[in-house]
Amino acid sequence: MQTTFIDGDLVYRPHSFEVPLNYDYPSDKTITVFAREIVAKQQQDTDLPWLVYLQGGPGFPSPRPDSNSGWLKRALQEYRVLLLDQRGTGQSTVISHQTLASQSTDQQVAYLAQFRADNIVRDAEFIREALKVKQWSILGQSFGGFCALHYLSYYPQSLTQAFITGGLASLTRHADDVYQATYQRVLDKNAQFFSRFPSAQQRCNEIANYLVDNHVLLPNGQHFTVEQFQLIGINLGRSGAELPMYYLLEDAFVEVDDKRELSYAFLNSMLMEQAYQTNPIYAILHESIYCQHTASAWSAHRVRDQYPQCHYQKGQDFCFTGEMVFPWMFDQLECLKPLKAAADLLAEKSDWPLLYDVDQLARNTVPVAAAVYLEDMYVEYAYSKETLTTLKNAKAWETNEYEHNGLKADGERILTRLIQLADEIDDRQI
């Protein structure tokens, strides 16, 4: 059972809420949503405004902070912070291959369809009302920014300010448009990485060739393939990731009885890179975050055909992929295999409701401050700019100082800047 505790100068208070699985039928099944309140100890009895943190993903819980640092340090100067474990994650009713095992495929599809941004925001509204908070501010990182745009579309009356970092989604574009742009960004990041570490290209080619020629098993018994190796390119969009990736490649091989093979340490690291195994929402619902009255139809998989360099064959240079989900993952990744049929049906689902109200956003009155990263590998800069032309009452800090994970890398500075921008909008409205 969760209890309130104090660590250093911070108070951590747990909250659990029973919310409808499907808000259209609230009397049916319920699930638990967990949120952790954090407040500075000296201000715990002060009537502070609230700031709700919306995590990136989809399919990951809120951070588990272990110090008063980064963006949290800045936020706690004036806010009571609520870290929301989005439905299906963390201490909320969790989604995994284990929890879904007893459900039929149709039941899995119906259940999983309730875990998109619209219901995450409905959960936040349920919690706001339960806590008797009239209005609060939100901070959305990456996919959390997508959730923030939904919040601004349908519940603006509940918000005082919105801060978005690396998460200004396209309001209208199809998933195919998103991935056409994303693949190009990934290729740019590949070129940058291999230019910085010239020997890495040869090493990646050697690893890929070894995987083609040998049946290699990960520590969980899973067959490790070139396609899985390509997935670690997702790290190329994060600051500070290139050098650790190089070191990982450098130590990939070990000599065993005069033969060269991939080391256990390397293979264990490859397994640890597969967050889809422990957070399956990240795979199953990833493409649906772009779907509004459309099916994704495995968009990233189809669009990859336009980029033949991303299909590895012996004799060509190896190329990493990025934040893409492919249908073969549900054939190869052990914890996704039981969810393959449901994933295929969700990829063909075309009746996803609208996520954004473009008209409402065009007349938005809530101050919105956004950090937009010019070289973002995950959220296309050009599409964020398109959204900014529609979104009224928004100011953006456009910068190439940070990658997509800027909030984690230098959160105190970034949130300070965004608070200043939002305050400028407030001053302008007076």
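## The annotated stretch

Helices (H or I, at least four residues) and strands (E, at least two) are DSSP runs, numbered from the N terminus.

Please keep in mind that this is a predicted model, in which local features need pLDDT of at least 70, side-chain atom pairs count only at pLDDT 80 or more, and totals for chains, interfaces and linings use all residues. Residues are numbered from 1 along each chain as its sequence is written, and side-chain values use heavy atoms, with hydrogens and water left out.

Most residues other than glycine have a negative phi, and most peptide bonds are trans. With that in mind, have a look at Gly 57 and Pro 58, which are joined by a cis peptide bond with omega at about 5 degrees. Pro 58 sits in the loop that runs between strand E4 (50-54) and helix H1 (70-75).

Lys 132, although not a glycine, has a positive phi of about 60 degrees. Its place is the loop between helix H3 (117-130) and strand E6 (136-141). Lys 132 counts as exposed, at 74% relative accessibility (buried means under 20% relative accessible area, exposed over 50%, partly exposed in between, with a 1.4 Å probe and protein chains only). His 293 is a residue other than glycine with a positive phi, near 60 degrees, and it belongs to the loop between helix H10 (281-284) and helix H11 (299-303).

## Arg 122 and its contacts

Arg 122 is part of helix H3 and is partly exposed, with a relative accessible area of 26%. Leaving aside residues up to four places away in sequence, Arg 122 touches Tyr 23, Asp 24 and Tyr 155, where contact means heavy atoms within 4.5 Å. Thr 160 is 38 residues from Arg 122 along the chain, and their C-alpha atoms are separated by 17 Å.

## One face of helix H13

In helix H13 (residues 340-348), the buried residues are Ala 342, Ala 343, Leu 346 and Ala 347. Seen down the axis of H13, they fall within an arc of 135 degrees, so they line one face of the helix; the arc is that of the directions from the helix axis to the C-beta atoms. An α-helix has 3.6 residues a turn, so residues three or four places apart point the same way.

What do the buried residues of H13 pack against? Their partners are helix H2 (105-112), H10 and helix H12 (329-332).
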